[in-house]
Amino acid sequence: LEFRRVLFRSAGASDILARARIVPTLDEAIADCGLVIGTSARSRTLSWPMLDPREAGEKLVAEGMEHPVALVFGRERTGLTNDELQKCHFHVAIPANPEYSSLNLAMAVQTLCYEVRMRWLEVQNQEPEDERVEYPSAQQLEGFYQHLEQTLQKTGFIADDHPGHVMSKLRRLFNRARPEAVELNILRGILTSVQKSRAQD
């Protein structure tokens with residue numbers, strides 16, 4: 001019954017609905033994505049690289065030709081949590097009326113999907129770029145952040161019981177820098193070298 005109701009509301013998008021995949025966590029949903037953009041209508045304690053809807057559409061289309069990408073929407077009432085937003089490379093905010101900047105979920109999805117669609121149509125007749133950049137997936141980035149946190153704990157740079165604030169700032173730094181897959185491998189090699197050196201001391 002629930003599926004039939006959703007199918008009725010899909011308004012001709014049954015092919016998309018048929019390919020929809022439901023997973024229990026955001027980490028699982030974005031694991032293979034090389035670009036993750038999260039939606040947010042309000043400023044956060046820790047500022048993050050921001051895009052407007054048009055810029056988001058351009059990035060999603062450009063990188064979507066190279067690897068899976070994700071546009072992440074939050075809950076209707078509360079949006080995305082700070083922890084969820086920290087898993088995103090960029091945040092996108094729709095410049096609505098500042099007196100009431102929060103759009104409902106359907107409006108936000110429609111607006112951003114429109115920008116993606118318009119950019120996709122625009123690039124159909126363009127020549128492809130010669131140089132392609134391979135970015136790490138969200139799962140690979142999470143592995144790097146865990147590796148970084150473990151290394152910084154072993155060196156005593158951050159406390160074992162309170163790594164949150166420093167790690168949030170480091171996530172922001174590396175998300176802003178957008179290391180390529182090869183560069184991330186170099187960084188992980190450095191971390192492994194530090195850990196081996198500490199073990200020999």
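Visitor: Which helices and strands each supply at least two residues of the lining of the largest pocket?

Guide: Keep in mind that this is a predicted model. To read a lining, go element by element along the chain. Here α2 (14-18), α3 (26-30), β3 (69-72) and α6 (105-123) each bring at least two residues to the lining of the largest pocket.

Visitor: And which of them gives the most?

Guide: That's β3, with 4 residues in the lining.

Visitor: How much space lies in that pocket, and which residues sit closest to its centre?

Guide: The largest pocket holds about 850 Å³ of space. Its lining counts 20 residues, and Ile 16, Ala 20, Arg 21, Leu 71 and Val 109 are the closest to the centre.

Visitor: What does the lining look like by class?

Guide: Sort the residues into nonpolar, polar and charged. You get 17 nonpolar, 1 polar and 2 charged residues for this pocket.

Visitor: On to the cysteines. How many disulfides does the structure hold?

Guide: The count is 0. The check is sulfur to sulfur, and a disulfide needs the pair within 2.5 Å.

Visitor: What about Cys 113: which cysteine sulfur is closest?

Guide: The one in Cys 33, but at 14 Å it's too far for a bond. As for accessibility, Cys 113 comes out at 42%, so it counts as partly exposed.

Key. Residues numbered from 1 in each chain as written. Predicted model: local features only at pLDDT ≥ 70, side-chain atom pairs only at ≥ 80, totals over all residues. Heavy atoms only, no water. Buried < 20%, exposed > 50% of the residue type's maximum accessible area, 1.4 Å probe, protein only. 1 Å grid on protein atoms, 1.4 Å probe; cavity = no way out; pocket = protein on both sides within 12 Å on 5 of 7 lines; lining within 4 Å. Points joined across faces, edges and corners; volume = space filled by probe spheres on them. Nonpolar A, V, L, I, M, F, W, Y, C, P; charged D, E, K, R; others polar.
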